[in-house]
Amino acid sequence: MTRYTLNCFGGAGGQHACLVADALGMTKVLIHPFSSLLSAYGMGLADIRATRQQAVEEPFGDAALASIARVGGRLAEDARREVVDQGVAAQAVEVFIRAHIRYAGTDTALVAPAFSLHASHEESGRPSLAEMKSAFEAAHKSRFGFIDESKELVVEAVSVEAVGGGAKFTEPVLSTTSAGLPSPVRRTKFYSRGQWHEAAVFTREQLSPGHAVHGPAIIIEPHQTIVVEDGWRAQITAKDHLVLDRVVPLKRQSAVGTAADPVMLEVFNNLFMSIAEQMGVSLQNTAYSVNIKERLDFSCAVFAADSTLVANAPHMPVHLGSMDRAVETIIRENKSKIAPGDVYAINAPYNGGTHLPDITVCTPVFDAPGRELLFWVASRGHHADVGGISPGSMSPNATTIEEEGVYIDNFKLVDRGRFREQALYDLLTGAKYPARNALQNVNDIKAQIAANEKGVQELRKMVAHFTLPVVKAYMQHVQDNAAESVRRVIDRIHDAAFEYEMDQGTWIKV
């Protein structure tokens with residue numbers, strides 16, 4: 001966190017900024033001259049926007065491009081009129097027209113820029129079909145991790161956005177003063193960290209760019225009060241911003257029994273969990289079925305290279321208890337064969353799965369050169385049906401695993417960036433009791449691949465920012481901390497027993 005600057009805003013933010021920064025292990029705070037009014041200030045500067053969208057549903061080609069221009073032009077007039085009616089000068093409004101493109105047979109459209117219209121209604125920057133296709137493929141590769149050159153493209157819809165009215169502003173660079181710090185308007189005491197501090201009080205009007213105020217001090221602005229804590233310094237920049245920086249290093253004790261920094265341990269713990277949460281958002285947004293998109297019956301998690309769980313989002317606990325075993329199976333069954341761009345699927349209850357409708361998609365995360373396997377990400381989704389002798393795949397009359405549905409054990413979904421769609425369809429429809437809606441299964445699995453790709457991207461960003469040794473070290477620290485936390489809970493649990501008789505006479509005893 002010491003690499004970041006804390007951006008302070010809100011009416012009371014300046015009173016707590018130094019202590020919040022200390023709690024986070026941060027050493028610098030930025031306070032804008034309008035920080036206490038920042039939301040209102042931002043609203044005053046913001047553009048006014050109006051959007052329109054209309055379905056097209058045409059094969060990608062010259063005819064579709066003409067439709068984009070025709071429909072987009074009509075929608076652009078409506079959107080432009082709405083912005084102008086809110087008091088924006090017509091010559092200040094710009095309209096952007098975008099095409100929503102998808103692969104035929106799928107339901108996830110991605111946005112590609114089409115062209116923009118300036119206030120003079122002159123068209124600018126219209127891309128060619130090849131450029132639009134390239135933009136779509138780049139977006140698809142980014143979200144799903146693969147492109148499918150065998151599928152035709154469809155223009156699903158046209159959307160427009162009219163933008164205008166935003167205030168254009170620049171912050172002037174002021175000359176810095178060489179004069180000494182003026183005398184404080186008064187002196188007072190404030191209470192912080194369990195004790196009273198003698199503090200000088202300055203008004204903002206007294207201070208000019210170049211001045212520096214050492215804490216303990218209080219700076220009073222027309223609309224807020226800023227507390228400069230002991231060990232901190234407030235400087236006025238050439239843009240009239242206030243920058244607080246810690247000039248006396250803060251002493252912190254390390255956590256007992258580990259060399260990990262306790263603040264950074266918490267930061268990394270939340271970073272890893274945030275990646276799993278972002279994967280979940282991506283899965284929900286791109287899923288096909290109600291089961292995953294609306295019932296949210298899915299889970300996402302991050303694993304170390306050896307398949308041990310590092311972090312998960314607060315999804316389905318029953319999924320997360322065995323996902324590491326599913327990843328472990330993929331590693332064991334594909335030893336020395338896993339390559340960048342590979343993605344695997346598994347639902348085998350004997351190898352880390354739960355019931356067959358829960359399909360786990362596992363993606364390896366390699367280093368930039370593609371030589372070292374660093375981590376794994378995985379997502380498990382409950383598919384509405386994967387075959388079996390009855391819809392829903394969980395018949396009480398099933399006596400063999402194949403009667404419950406399509407059994408998937410270590411199936412390669414994506415081979416070095418190439419989605420094996422036909423092989424997946426063959427797997428789902430070729431079983432003794434095949435899936436009833438293979439299209440839904442395939443599209444949900446694509447969404448899981450997309451969720452994993454999001455995890456891959458975020459882990460790579462983390463490595464680029466913190467370096468690989470640091471990320472690996474804190475993965476282990478997070479796991480050690482979790483193990484110790486669970487151990488302490490177990491130590492407080494007293495011995496007990498529980499038993500329950502099921503309807504058919506079977507007893508569950510714990």
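I began with the sheet, and found seven strands forming an open one in the order β16-β15-β19-β18-β17-β20-β21, with antiparallel pairing; strands here are DSSP runs of E of at least two residues, helices are runs of H or I of at least four, and both are numbered from the N terminus, while two strands pair if DSSP finds at least two bridges between them. At the edges I noted β16 (309-312) and β21 (418-419), each of which pairs on one side only.

Before going on, I wrote down that this is a predicted model, in which local features need pLDDT of at least 70 and side-chain atom pairs count only at pLDDT 80 or more, whereas totals for chains, interfaces and linings use all residues. Residues are numbered from 1 along each chain as its sequence is written, and side-chain values use heavy atoms, with hydrogens and water left out.

I then followed strand β15 (residues 298-304), which runs antiparallel to β16 and is joined to it by three bridges; Val302 has Ala311 in β16 as its bridge partner. Helix α11 (residues 468-492) packs on the sheet and touches β15, β16 and β19, its direction making about 50 degrees with that of β19. Contact means heavy atoms within 4.5 Å, and the angles, from 0 to 180 degrees, are taken between N-to-C directions of axes fitted to C-alpha atoms, for helices over the stretch in contact. Helix α8 (residues 323-333) lies across β15, β16, β17 (343-346), β18 (358-366) and β19 (373-382), and runs at about 125 degrees to β19.

Next I looked for disulfides (pairs of cysteine sulfur atoms within 2.5 Å), and the structure holds zero of them. For Cys300 the nearest cysteine sulfur is that of Cys362, 12 Å away. Cys300 counts as buried because its relative accessibility is 0%, where buried means under 20% relative accessible area, exposed over 50% and partly exposed in between, with a 1.4 Å probe and protein chains only. Cys362 is buried too, with a relative accessible area of 0%.

My last entry concerns helix α1 (residues 13-24), in which Gly13, Gly14, Ala17, Cys18, Ala21 and Asp22 are buried. Their cover includes β1 (6-8), β2 (28-31), β12 (224-228), β13 (232-236) and β14 (242-246). After α1 comes Gly25, whose phi is positive, near 75 degrees. Strand β11 (residues 217-221) pairs with β12 in the antiparallel sense over five bridges, and a hairpin joins the two through two residues.
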